[in-house]
Amino acid sequence: MRNTFLPFSPPVIGEEEIDEVVDTLKSSWITTGPKTRKFEEEFKTYIGAKEALALNSCTAALHVALVTQGIGSGDEVITTPLTFTATVNVIEHVGAKPVLVDVEEETLNIDPEKIEKAITPKTKAIMAVHYSGHPAEMDKINEIANKYNLHVIEDAAHALPAKYKGRYIGSGDNLTAFSFYATKNLTTAEGGMLTGPDDLIEKARIISLHGMSRDAWKRYSKEGSWYYEVVLPGFKYNMTDIQASLGLHQLNKLAVFQKRRYEIVEKYNSAFKDIDCLEIPSAKKEVEHAWHLYVFRLRLEMLKIDRNRFIEELKNRNIGTSVHFIPIHIHPYYKNKYGFKENDFPVAYNNYLRMISLPLNPGLSDQDVADVIEAVLDVIRLYKK
Ligand SMILES: *Cc1c(COP(=O)(O)O)cnc(C)c1O
């Protein structure tokens with residue numbers, strides 16, 4: 001057993017990031033400026049996005065996306081119960097009603113077969129989440145959206161870089177929100193990126209910075225002008241050059257990070273594939289998984305302990321894990337407001353009860369990975385029926 005605690009997902013920050021942050025701090029420009037613009041350009045090129053807007057979180061990007069699409073009071077937005085609360089909170093922020101649709105068993109992504117039944121005359125958008133980095137069924141989702149004239153917004157917090165049928169998530173016509181939170185595949189401590197078509201991103205840019213007319217962020221620089229016009233009451237969601245300093249180097253390292261994630265997934269899969277009380281995650285043929293999370297599921301009927309106890313046992317063996325996610329419909333706010341019952345979304349709920357996310361990040365050494373595997377196998381040996 002290892003004798004130090006292995007944290008679930010520490011950031012992997014190198015000297016390059018540190019030097020760039022110091023360079024920014026010593027310059028005369030620390031907030032949104034040239035490095036943020038450069039980060040937007042390089043991110044856009046990396047995934048082949050039409051346009052990109054750097055923001056201070058993925059939550060901000062999702063909020064701005066809804067406002068950009070004109071979604072508000074009285075509207076309904078279809079989304080998944082198996083997501084981080086930010087996805088659903090922003091629907092509440094704009095005064096719309098989140099309509100949850102259960103997930104599919106295999107990928108735990110929103111089940112396209114169940115979307116159509118949830119559409120009403122008030123439905124304005126579908127918010128798809130690429131759970132754990134496995135792209136949702138975008139062809140089917142886009143097809144339904146076209147048929148009913150709905151917007152599609154993609155929560156790609158886990159999906160950098162991921163591909164669906166050969167194309168990067170974020171490179172299409174849907175507004176797509178990425179997260180650079182500390183635990184994500186690329187981090188700026190806090191940060192996000194919204195990608196999509198030029199006209200929508202131009203509008204989103206204004207909404208995200210006080211509603212001030214174009215390029216107002218330059219107003220304190222020599223090329224800028226003191227004059228601006230406020231065209232709507234916007235938000236304060238801009239990314240700083242300090243954050244972008246991290247992002248530029250993290251993006252340079254992304255391919256190397258991903259290679260390591262794939263190696264670790266391979267090690268976990270080969271260690272666990274023949275263990276009959278575990279179900280390991282997989283990827284459909286037509287996708288390239290971003291492997292943000294490694295979520296395995298316990299076959300509880302084959303074990304003497306439940307999921308929570310399994311997590312405790314791993315913690316006792318110095319392995320940090322997590323659960324993604326506590327379904328939206330069992331959180332008190334949503335449960336009380338909409339009168340949800342646990343089994344309203346049985347696939348999400350039943351999988352929640354048996355899922356565990358193992359450490360998966362490029363900072364893990366081979367020894368760390370071996371320690372995780374050993375701990376999991378040890379718990380199973382002890383508690384298998
Ligand atoms: C992390 C996460 C978010 C929020 O990202 P922030 O950058 O922290 O705002 C949104 N959706 C999902 C699915 C996430 O995992």
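I take a polar contact to be a pair of N or O atoms within 3.5 Å. I apply this cut-off to a predicted model.

Entry 1: I first looked up the side chain of Thr59, where an N or O atom is 2.5 Å from an oxygen atom of the ligand. I then turned to Asp155, which places a polar side-chain atom 2.7 Å from a nitrogen atom of the ligand. For Lys184, I noted a distance of 3.2 Å between a polar side-chain atom and an oxygen atom of the ligand. On its own the ligand has 380 Å² of accessible area, and I recorded that the protein covers 93% of this.

**Entry 2: ligand shell.** I listed 15 residues around the ligand, with Thr59, Asp155, His158, Ser179 and Lys184 as the closest.

**Entry 3: sheet.** I traced an open sheet of seven strands with mixed pairing, in the order β1-β9-β8-β5-β4-β2-β3. I identified β1 (51-55) and β3 (97-100) as the edge strands, each of which pairs on one side only.

Entry 4: I examined β5 (residues 151-155) and β8 (residues 175-179), which pair in the parallel sense over three bridges. Here I found Ile153 opposite Leu175 in β8.

**Entry 5: helices on the sheet.** I looked up helix α2 (residues 34-47) and found that it lies across β1, β8 and β9 (192-196), at about 135 degrees to β1. I also found helix α7 (residues 198-208) lying across β1, β8 and β9, with a direction at about 20 degrees to β1.

Conventions. Residues are numbered from 1 along each chain as its sequence is written. This is a predicted model: local features need pLDDT of at least 70, side-chain atom pairs count only at pLDDT 80 or more; totals for chains, interfaces and linings use all residues. Side-chain values use heavy atoms; hydrogens and water are left out. A residue is near a molecule or strand if one of its heavy atoms lies within 4 Å of it. A polar contact is a pair of N or O atoms within 3.5 Å; within protein, one must be able to donate a hydrogen and the other to accept it, and residues adjacent in sequence count only if both atoms are side-chain atoms. Accessible areas come from the Shrake-Rupley method with a 1.4 Å probe; for residues, only the protein chains shown count as cover. Two strands pair if DSSP finds at least two bridges between them. Helices (H or I, at least four residues) and strands (E, at least two) are DSSP runs, numbered from the N terminus. Contact means heavy atoms within 4.5 Å. Axes are lines fitted to C-alpha atoms, for helices over the stretch in contact, and angles run from 0 to 180 degrees between N-to-C directions.
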